[in-house]
Amino acid sequence: MNFNEKLITLRKQKRLSQEELGAELNVSRQTISKWESCQSYPDFQRLVLLSDYFGLTLDELVKDIDVQEVREKNINSEKLNSIYNDVGTAKKVIKWYLIIALLISIAVVFIPLFIFVLKAIS
């Protein structure tokens with residue numbers, strides 16, 4: 001049995017809604033829903049709280065979890081964070097290039113204009 005199936009079964013055995021279980025663990029109903037639909041997994045602290053709440057050892061709670069799936073989701077999350085960081089860095093670099101290009105453009109236009117005006121006045 002996968003973790004999500006085990007969590008659903010345990011929650012239903014106690015006749016709890018996702019909202020009620022979330023309140024017991026100080027997480028939202030949406031968080032419980034994500035755990036139950038395999039969109040995410042609880043952190044270690046929440047696993048300990050879940051095992052205590054259901055009166056199970058950690059081993060009993062997480063046994064038979066597809067560890068490879070958890071690793072892949074973690075790696076995908078790390079890759080996304082890396083991509084977001086790279087995009088943020090690229091945006092900053094592009095912004096500075098645009099500022100520098102604008103300053104150079106202003107200098108190219110206004111310096112000759114300024115020289116022309118000075119010559120015209122003289």
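This is a predicted model: local features need pLDDT of at least 70, side-chain atom pairs count only at pLDDT 80 or more; totals for chains, interfaces and linings use all residues.
Beyond its neighbours within four places in sequence, Leu7 is in contact with Leu21, Trp35, Glu36, Leu50 and Phe54.

In soluble globular proteins, nonpolar side chains tend to be buried together. Here the largest nonpolar core has 13 residues, and those touching the most other members are Phe3, Leu7, Leu21, Leu25, Trp35 and Leu50. Two or more residues of this core are given by each of helix H1 (3–13), helix H2 (18–25), helix H3 (29–36) and helix H4 (44–54).

How do H2 and H3 meet? Their axes come within 8 Å and cross at roughly 105°. Because the angle lies in the range of 65 to 115 degrees, H2 is roughly perpendicular to H3. On the H2 side, Gln18, Glu19, Leu21, Gly22 and Leu25 make the contact, while H3 contributes Arg29, Ile32, Ser33, Trp35 and Glu36. The residues of this contact divide into 4 nonpolar, 3 polar and 3 charged.

Attention now turns to H3 itself. Which of its residues are buried? They are Ile32, Trp35 and Glu36. Viewed down the axis of H3, these buried residues fall within an arc of 95°, so they line one face of the helix. The buried residues of H3 pack against H1, H2 and H4. Just after H3, Cys38 takes a positive phi of about 65°.

Conventions:
Residues are numbered from 1 along each chain as its sequence is written. Side-chain values use heavy atoms; hydrogens and water are left out. A nonpolar core is a set of buried Ala, Val, Leu, Ile, Met, Phe, Trp, Tyr and Cys residues joined through side-chain atoms within 4.5 Å. Buried means under 20% relative accessible area, exposed over 50%, partly exposed in between (1.4 Å probe, protein chains only). Helices (H or I, at least four residues) and strands (E, at least two) are DSSP runs, numbered from the N terminus. Contact means heavy atoms within 4.5 Å. Axes are lines fitted to C-alpha atoms, for helices over the stretch in contact, and angles run from 0 to 180 degrees between N-to-C directions. Angles under 35 degrees count as roughly parallel, over 145 as roughly antiparallel, 65 to 115 as roughly perpendicular and the rest as oblique. Ala, Val, Leu, Ile, Met, Phe, Trp, Tyr, Cys and Pro count as nonpolar, Asp, Glu, Lys and Arg as charged, and the others, Gly among them, as polar. The arc is that of the directions from the helix axis to the C-beta atoms.
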